[in-house]
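We will go from stop to stop, and at each one you select something and look.

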Amino acid sequence: MAVATMTVTVPAMAQNVAPPGATACSGCHGPGISDAVVPPLHGRPPGEIVGAMQDFRTGQRPATVMDRIAKGFTDEETRAIASWLSQQP
Amino acid sequence: MPQALTRRTLLKTAVVGAAAAAFSRRTAAQASSKVVVVGGGFGGATCARELQRAGFAISLVEANAVYTACPFSNAVIAGLRPIEAQQLKLDAVEKGGIAVVRQRATRVDPQARRVILADGSSLDYDRLVLSPGIDIRFDALPGYDEAAAAIMPHAWKAGEQTILLRRQLEAMDDGGIFVMAAPANPFRCPPGPYERASLVAHYLKTHKPRSKLLILDAKDSFSKQRLFQAAWQDLYPGMIEWVSLSSGGKVIEVDAKANTLVTDFGRHKGDVVNVIPPQRAGEIAQVAGVADRTGWCPIDPVTFESRLQPGIHVIGDASIAGGMPKSAFSANAQGKACAAAVAGLLRGKAPAEPKLINTCYSLVAPDYGISVAGVYTPRNGLLADVEGAGGTSPVNAPPSFRAQEAVYAEAWFQTISREVYG
Ligand SMILES: Cc1cc2nc3c(=O)[nH]c(=O)nc-3n(C[C@H](O)[C@H](O)[C@H](O)COP(=O)(O)OP(=O)(O)OC[C@H]3O[C@@H](n4cnc5c(N)ncnc54)[C@H](O)[C@@H]3O)c2cc1C
C-alpha cells in the first residue's frame with residue numbers, strides 16, 4: 001500500500017517531540033497573536049526564555065504568576081523547553 | 001458499523017488523492033491506527049487536535065452541537081457577560097480534518113475495542129480517550145433530583161442552568177437572600193463556588209445592596225480561602241456569610257418546594273437557592289468500566305491510561321489526577337500530555353514522564369483577579385505537586401496586581417478557547 005512505502009522516507013520526529021512541560025506554556029502564551037496580553041513564546045531565542053525563567057525563579061523579575069510556575073522547572077528542563085519553543089512556528 | 005466503514009473509505013480516498021508531502025510524516029502504523037476521542041470539551045478537543053497534528057486519523061464524538069464553556073460562566077450569572085461569550089463550536093476542529101461525530105456514545109466494548117453510538121452505529125479503536133467531564137449525582141443529596149434542579153439550579157454544567165440562575169438572581173428583590181450549597185471534595189473547579197459567591201455579591205452590591213449571601217459548605221476549608229475571605233471583607237463587608245462543615249454547614253437534604261436547604265442544625269430558606277451537588281465522572285466512564293467506587297477514574301499518571309481497562313485513556317474532570325484540580329486548564333494540559341503518550345504508544349515508543357501546569361484564575365470582582373498555580377509530575381503513581389513551585393497569589397498585593405490578574409484571567413480564557421476551538 002502507498003502509505004507503507006512512504007514509511008521509508010519518514011523524517012526523524014525527534015525534534016518535533018515536545019520536552020516535558022513545553023506544551024503547557026501555550027495555555028497562556030498562545031502562539032501567533034500579535035497584540036497578545038501574554039507574549040507568544042514560539043520562535044523566541046532560547047536564551048531570552050531561559051534568562052527570563054531564571055529571573056522569575058529568583059524573584060529578580062517581578063511577576064504575577066511566572067515566579068510560581070518557573071520554580072517548577074530545573075535549568076535543564078527550561079533549556080529543553082526553550083529550545084523546543086524557539087523551533088516552533 | 002457504518003461510521004468505521006465511512007472513515008476507512010475516506011482515508012483511502014485521501015491517501016490516493018493527497019500530495020505525498022502531506023503524508024510524509026505518517027507511518028504505516030499511524031495510518032491504520034484508529035483513535036477515538038469521546039467528549040469535545042477542553043480535554044477531549046485538545047487531545048483530538050494534538051493527535052491529529054501528530055499525524056493520526058481521529059474521530060471525535062460529541063453529543064452537543066454547541067459547547068458552553070464553564071470558565072467565566074459565573075460572570076454570566078452576575079450579569080457581567082453574555083452567555084454567547086461562552087459558546088464554542090467544533091466547526092474549525094472539523095474543518096481541520098478531524099471526523100467530528102455529533103452523537104452520544106452510549107456504550108464501550110473494551111474487549112472488541114469498540115464505541116457504540118446512540119444511533120446504533122459504532123467506531124472501532126486501537127486507543128480510546130474519554131474526556132466526558134462530570135455528571136451531577138442526582139442520587140446523592142436527598143431531595144435534589146432533576147426536577148429540583150429546575151427550581152434550585154446547580155449551574156455546574158454551563159448552558160440552560162446558567163441562564164436559569166441568572167434569571168432568578170435578576171428577579172430577586174432587594175433585601176433577598178441568596179443561599180448556596182457547596183459540595184465536599186473532589187468536585188469540578190474547587191474555587192468555582194467562591195468565585196460565584198463573589199460575583200453574585202458584586203451584582204447585589206451594585207443593584208440590590210440590602211441583600212445577603214449565605215454559603216453552606218460541606219468542607220472546612222476551600223481553595224484560595226484566605227484571598228477570597230480578605231477580598232470579601234474589603235469589597236463586600238457584611239454581605240457574605242460562610243458556614244463551614246464543623247459549624248454545621250453541610251446540607252443533608254433539599255426541600256425544593258419550600259426553596260429550603262436542610263442541615264443538621266436548621267432549615268435555610270432562600271429567595272434564590274443554588275445547589276452545587278456531589279458529582280462523578282460522566283456516565284460513559286461508568287459504563288465503560290473505567291470509574292472506580294468513588295465514581296472517578298484511576299489512571300496511570302504518565303500515559304493517562306485507565307488502571308481498570310487497558311486501551312482506554314481518561315483525562316479532564318473524570319480522571320483521578322492526584323494533585324491536579326478538576327479545571328479546564330488541567331483538562332487542556334492533560335489533553336496534550338495524553339496525546340503525546342498515545343502517539344508514543346502507537347509508535348511503539350516508551351512515553352516520557354510528563355510535566356504539567358495548572359492555573360485557576362478567579363474573579364472576585366470584574367477588576368479583581370486571584371489565582372492558584374501548580375506544576376505536576378508523576379510520583380508514587382499519581383500526579384503530584386512539584387515541591388517549591390505553585391501556590392496562590394500573594395495575600396498582600398496592591399489593587400494594580402489584582403487588576404492585572406483579572407486581565408490575565410480573561411486573556412487565558414481567550415487563548416485557550418482559540419487554541420482548542422479556533
Ligand atoms: C462555574 C464554573 C466555573 C469554572 N471556572 C473555571 C476556570 O475559571 N478555570 C478553569 O480552568 N476551569 C474552570 N471550570 C472547570 C472546567 O469547566 C472543567 O474543569 C472543564 O470543563 C473540564 O473539561 P473536560 O474536558 O473534562 O469536561 P467538559 O468540559 O465537561 O467536556 C465534556 C464534553 O463531553 C461531552 N460528552 C460527555 N459524555 C458524552 C458521551 N457519552 N458522548 C458524547 N459526548 C459526551 C459533553 O457534552 C461535553 O461537551 C469551571 C467550572 C464551573 C462549573
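In which loop of chain B is B:Pro191 found? Select B:Pro191: the loop runs between strand S11 (177–182) and helix H9 (192–207) of chain B. Helices (H or I, at least four residues) and strands (E, at least two) are DSSP runs, numbered from the N terminus.

Before going on, note that this is a predicted model, in which local features need pLDDT of at least 70, side-chain atom pairs count only at pLDDT 80 or more, and totals for chains, interfaces and linings use all residues. Residues are numbered from 1 along each chain as its sequence is written, chains are lettered from A and ligands numbered from 1 in the order in which they are written, and side-chain values use heavy atoms, with hydrogens and water left out.

**Stop 1: around B:Pro191**

Is B:Pro191 buried or exposed? B:Pro191 counts as buried, at 2% relative accessibility. Buried means under 20% relative accessible area, exposed over 50%, and partly exposed in between (1.4 Å probe, protein chains only). Now show its contacts, meaning heavy atoms within 4.5 Å. Leaving aside neighbours within four places in sequence, B:Pro191 is in contact with B:Ser223, B:Lys224, B:Phe228, B:Cys360 and B:Ser362.

Stay in this loop and select B:Pro186, which also lies between S11 and H9. The peptide bond from B:Asn185 to B:Pro186 is cis, with omega near -5°.

Next, click on B:Lys224, one of the contacts of B:Pro191. B:Lys224 sits in the loop between strand S12 (212–217) and helix H10 (225–235) of chain B. Its phi is positive, about 55°, although B:Lys224 is not a glycine. B:Lys224 counts as buried, at 6% relative accessibility.

**Stop 2: another positive phi**

Select B:Arg113. This residue is in the loop between strand S6 (105–109) and strand S7 (114–117) of chain B. Phi of B:Arg113 is near 55°, a positive value in a residue other than glycine. B:Arg113 is partly exposed, with a relative accessible area of 28%.

**Stop 3**

Go to B:Glu305, in the loop between strand S19 (297–298) and S20 of chain B. B:Glu305 is buried, with a relative accessible area of 16%. Which side chain does a polar contact of 3.2 Å join to that of B:Glu305? The partner is B:Arg127. A polar contact is a pair of N or O atoms within 3.5 Å; within protein, one must be able to donate a hydrogen and the other to accept it, and residues adjacent in sequence count only if both atoms are side-chain atoms. B:Glu305 also touches other residues, including B:Pro298, B:His313 and B:Leu345.

Move on to B:Ile315, in the loop between strand S20 (312–314) and strand S21 (319–320). B:Ile315 is buried, with a relative accessible area of 0%. Its contacts beyond four places in sequence include B:Gly43, B:Cys47, B:Phe304 and B:Cys338.

**Stop 4: helix H12**

Select residues 328–346 of chain B to see H12, a helix of 19 residues. From first C-alpha to last, H12(B) reaches 26 Å, close to the 27 Å expected. That expected span is 1.5 Å times one less than the number of residues. H12(B) is mostly covered, with 17 of its 19 residues buried. At its start, a side-chain oxygen of B:Ser327 reaches to within 3.4 Å of the backbone nitrogen of B:Phe329. Just after H12(B), B:Gly348 takes a positive phi of about 75°.

**Stop 5: the cores**

A nonpolar core is a set of buried Ala, Val, Leu, Ile, Met, Phe, Trp, Tyr and Cys residues joined through side-chain atoms within 4.5 Å. The largest one has 131 residues, and B:Phe42 and B:Trp232 are among those that touch the most other members. H12(B) gives this core its largest share, ten residues. Apart from it lies another core, of 16 residues, among them B:Leu216 and B:Val251.

**Last stop: chain A**

Select chain A: four helices, zero strands. Buried residues make up 39% of its 89 residues.
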